[in-house]
There are 2 protein chains.
Amino acid sequence: MKTTFGLFCVLFMAAFTLSAQEMSKDKYYKMMADSLVKSAMTEQRGFRSLGDLCKIGPRLSGSVNSLKAINWAVEKMKGLGLDSVWRQPVMVPHWERGKVESAVIVSSKKFKGKSLSIASLGGSIGTDLKNGIIAEVIEINSWVELNEKKNQVKDKIVFYNIPFDHSFPAAFPAYGKNVGYRFRGAAEAAKCGAKGMILRSISSRNDNVPHVGVMQYADSVPQIPAAAIGIQDADFLSESLKNDSKLKIQLKLSCKTLPDVQSYNVIGELKGTEFPDEVLVVGGHFDSWDKGDGAHDDAAGCMQSLEVLDLFKRLQMKPKRTIRCVFFINEENGSRGGIAYGKYADSSNEKHLTAIESDRGAFTPVGFLVDKDSASFIKISSWGKILERAGIHWVKQGGSGVDVSYIKNAKCLIGYVPDSQRYFDYHHSANDVFSEVNPREFELGSAAMAVLVFLIDWEGL
Amino acid sequence: MKTTFGLFCVLFMAAFTLSAQEMSKDKYYKMMADSLVKSAMTEQRGFRSLGDLCKIGPRLSGSVNSLKAINWAVEKMKGLGLDSVWRQPVMVPHWERGKVESAVIVSSKKFKGKSLSIASLGGSIGTDLKNGIIAEVIEINSWVELNEKKNQVKDKIVFYNIPFDHSFPAAFPAYGKNVGYRFRGAAEAAKCGAKGMILRSISSRNDNVPHVGVMQYADSVPQIPAAAIGIQDADFLSESLKNDSKLKIQLKLSCKTLPDVQSYNVIGELKGTEFPDEVLVVGGHFDSWDKGDGAHDDAAGCMQSLEVLDLFKRLQMKPKRTIRCVFFINEENGSRGGIAYGKYADSSNEKHLTAIESDRGAFTPVGFLVDKDSASFIKISSWGKILERAGIHWVKQGGSGVDVSYIKNAKCLIGYVPDSQRYFDYHHSANDVFSEVNPREFELGSAAMAVLVFLIDWEGL
């Protein structure tokens, strides 16, 4: 199937070159879009690569596993026959969870000995492992409440219990509403004298799996251990506190921060045949949290980006401009990879036309967010009917993505937006595994990105 | 939360009545849309009803279980406090799978004794249960090939092995391409003298679960037993036949068709306060295949429809027109429920303004298909920005749904269209269970339908 189809494309493109005047641009674009969709959806090569990558396991920055995966990625890119493949060195933070993370109710009459489902937040300090921290728990439901109860917090474990707000029709605003509690909740609690912090997981799924993510301490405030709790146990804890406000928890965490270590962005490209110094970046972040496989977040974005280049190879499309796939390291807890690539881009003689980021899970395509400039936005919007053939419903102005945002000199930055409904069922948790990725949803996303890259490559911006 | 919100709505609507001139229609519509989304997404009452319904199990027309579920539905509607609830009697076909369905390789050297994963197709005759049918297998990949090999088919089992065509960006066209083999494959094979038929499941998922569905015999052609096979076993069988074209299978099926039995559409409504004789129908089909729970197909469509009425109740919205929820029986193998309701609608003095069908799974909303008339289509399209708040990306002209299509006198018919990528992973198989329905996706669909019903009720068509 593949060979025949590849041959068809060669013939077709030759025919186009020969009789460009006879075929409308629109017709050609639609045919190319359909070819990209067909190849992605039927061959599912990117999806199989995703399976291979996920078999390696999670890829937290600085971990041995992340380096193993980086080596795999280099070999993978070479195996696809890209024109150049290289690693960009980046020093990354090295935080380790260790083997111990437990929260046990130790003083309640009814529930003494009950273990709660928790996981250390990324960047948290650990506790003494013999005795841990034993403290009463105070439930806090907002910053306002923390302020009101600041005199009751001393020596307690602050339990932020803010439910996921399902009222938003898209899921990201609900995450945005709560993520501040994860990021600076420990610091704010410590300012009031708390000994520890437990966060209701920012999760849209009604299970008991803790969802982790990065947190940060504040200067001149004591560092206290911080963990996420599964939402069923968060509900349980909240109920228990109503009957027993003196309930105590023993918290033990073995996590710790080690010195920064050497890591890498992984980069591969197809060299432009007409304008090799004009670069189109497609990428995702290669690191993940250390629960699950980091399949949706963001192995999928990386493998979709690589699939874009592989689709060009499979369809024997020679890009006019250089199409570069970047796997950014350390988005989750430092953005060092994005920062390093941004510095390189700023200082190189290349012209970055655009950078497209995929970091919202491998779900059905919905749209593209275009960040600066207006001319690019208008041009990309004009391709709506072509992009629609790969499932894209809209092109809007808006933020692109964390990693590409550091490419300051790019003409425009683009965020690929898939459906968000299920993203926070998986995000930063043991739920985020390969078996939860749907091949059609993943590959339609790859195709949507490939169609956009094809159009930008063909026309410029 | 709920009570407070309900109270807010009453106050808000009162405020609107008092100062309609002061508030733009657009603003009011957006606020009502957001209220419906919020109530559906946060309370998830429809989703919980779906869970309760699915606990009863599959609801194949004529089964004891379907009657149990019908009784549950009547009580459910009454419990929600609808103005009227009734059952419309419908005689339905009664096909039973029975306990036996097996396909065993009996003559191959290498694989003798291997059992294949199969399931009888709906409407198939059974076999003798002691000896079954023992026959060679001939693989057929298209109608053209069947015609070419028609002289080789006699006394064999025809094995239609047509893969799901993933090249379509939406999944329904792939289903449409293959469903003819399921529906008339046995009849066409029998014309050539075949003794049995096995169909590669029409499934988008790479597992071994057979996907069933209705098939039909042709008059004056012998009836032969027909079953679906899991796609992994279809691949296995195809490979095995390459090495052993004389391979024989023993097929045993206990399925049979019994006399028609009494069943019912279940109907509940909120009476219109201004135009009670103008009716807006929302509905799905209540019967399902007998594998899984029929959660996506179509318990979800029914529970979303009921959720529309319940949302009106919860937000204390009194509709101007009658909003009627119809659970159509027997869509899967006869459409008797749709036909019966259509006859009632044609003969009643009511004016059916519209009928909205949800029968494409409980996935994230995408659009609405509007079938006749143009004026309605233009009006509904003009609400795009309001519908967008419940996740609707487009309104297009096109086919609505099987059951509502029998309401000939409706001004317009509408099909609710969610994302299709995963639908055929579940469709007509044991995969279609409640745990595979995502509450956010389900409830955003309910909200999208509710917003459309609200707009049509408010403005008319």
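Domain bounds here come from an automatic or database domain assignment. In this predicted model, that assignment divides chain A into domain 1 (2-92 + 259-459) and domain 2 (98-254). Taken over C-alpha atoms, the centres of domain 1 of chain A and domain 2 of chain A are 36 Å apart.

**Contact between the domains of chain A**
- Domain 1 of chain A contributes 14 residues to the contact, and domain 2 of chain A contributes 18 residues.
- On the side of domain 1 of chain A that touches domain 2 of chain A, four residues are nonpolar, seven polar and three charged.

**The sheet of chain A**
- Eight strands of chain A form an open sheet with mixed pairing, in the order S3-S2-S9-S5-S6-S7-S8-S4.
- Strand S3 (115-116) and strand S4 (118-120) of chain A each have a single partner strand and stand at the edges, so one side of each lacks a neighbour in the sheet.
- Five bridges join strand S2 (residues 101-105) and strand S9 (residues 248-253) of chain A in the antiparallel sense; Glu101(A) has Leu253(A) in S9(A) as its bridge partner.

**Helices on the sheet**
- Helix H6 (residues 172-191) of chain A lies across strand S6 (157-160), strand S7 (196-200) and strand S8 (226-229) of chain A, and runs at about 150° to S7(A).
- Helix H7 (residues 231-243) of chain A touches S3, strand S5 (133-140), S6, S7 and S8 of chain A, and its direction makes about 90° with that of S5(A).

**Contact between chains A and B**
- Chain A and chain B each give 22 residues to their contact.
- Helix H2 (25-43) and helix H13 (439-459) of chain A are the elements giving two or more residues to the side that touches chain B; H2(A) gives the most, with four residues.
- That side of chain A comprises seven nonpolar, nine polar and six charged residues.

Methods:
Residues numbered from 1 in each chain as written. Chains lettered and ligands numbered in written order. Predicted model: local features only at pLDDT ≥ 70, side-chain atom pairs only at ≥ 80, totals over all residues. Contact = placed C-beta atoms within 7 Å. Nonpolar A, V, L, I, M, F, W, Y, C, P; charged D, E, K, R; others polar. Pairing = 2+ DSSP bridges. Axes fitted to C-alpha atoms, helices over the stretch in contact; angles between N-to-C directions.
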